[in-house]
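The following explanation leads the reader through one structure, from its overall make-up to a single residue. Please keep the sequence and the model in view while reading.

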Amino acid sequence: MNSKKLSFLPKTKVGIGFVCALVALTGLMLVFIAVRWPRPSSYCKVHGVGLKSDWVPVIYGEPGYVPGYHQASKDFPNGDTKVEGGCVSTPDSPKTQLISFCKACRKAKAKWLKARAAVYLREI
Ligand SMILES: [Zn+2]
């Protein structure tokens, strides 16, 4: 064996064991990261149907929320029809964005907003 070419390898059994343990530990860490890495879901966890793709408008500025929306939106987590782009926009800011949505979530969201609007109109 040419010792000059493999000079980076440790010369002792303890050193080789350390390198093997390091490689194994790195592999385990990579597997752990791959399993735990957040990935976009391809189906709606509420309705159990596959998500579809849609280009929706990006809205800039201070968003207004209907009271109770945050709690209610747990029933339609994939019902977005727009994306919030933040407070600041420039001429180069994107006007649309591709998102995943669930038809049942959009239907549930529209139904909730319509019902909430009826309540709101009765209150004023
Ligand atoms: Zn859904």
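Two residues are said to be in contact if their C-beta atoms, placed from the backbone, lie within 7 Å. Among the contacts of this chain between residues at least 6 apart in sequence, 77% join residues at least 24 apart. The model under discussion is a predicted one.

The chain contains three helices and three strands. Read from the N terminus, these elements follow the order α-β-α-β-β-α. Of the 124 residues in the chain, 6% count as buried.

The strands may be considered next. The three of them form an open sheet, with the order S2-S1-S3 and mixed pairing. Its edges are strand S2 (83–84) and strand S3 (96–101), each of which pairs on one side only. Strand S1, which covers residues 52–59, pairs with S3 in the antiparallel sense, and six bridges link the two. Within this part of the sheet, Pro57 stands opposite Thr96 in S3.

Helix H3 spans residues 103–123, and Ala110 lies in it. Is Ala110 buried, exposed or partly exposed? A residue is buried if 20 or more other C-beta atoms lie within 10 Å of its own, and exposed if 12 or fewer do. Ala110 counts as partly exposed because it has 13 C-beta neighbours inside 10 Å.

Technical notes
Residues numbered from 1 in each chain as written. Predicted model: local features only at pLDDT ≥ 70, side-chain atom pairs only at ≥ 80, totals over all residues. Helix = DSSP H or I, 4+ residues; strand = E, 2+ residues; numbered from the N terminus. Pairing = 2+ DSSP bridges.
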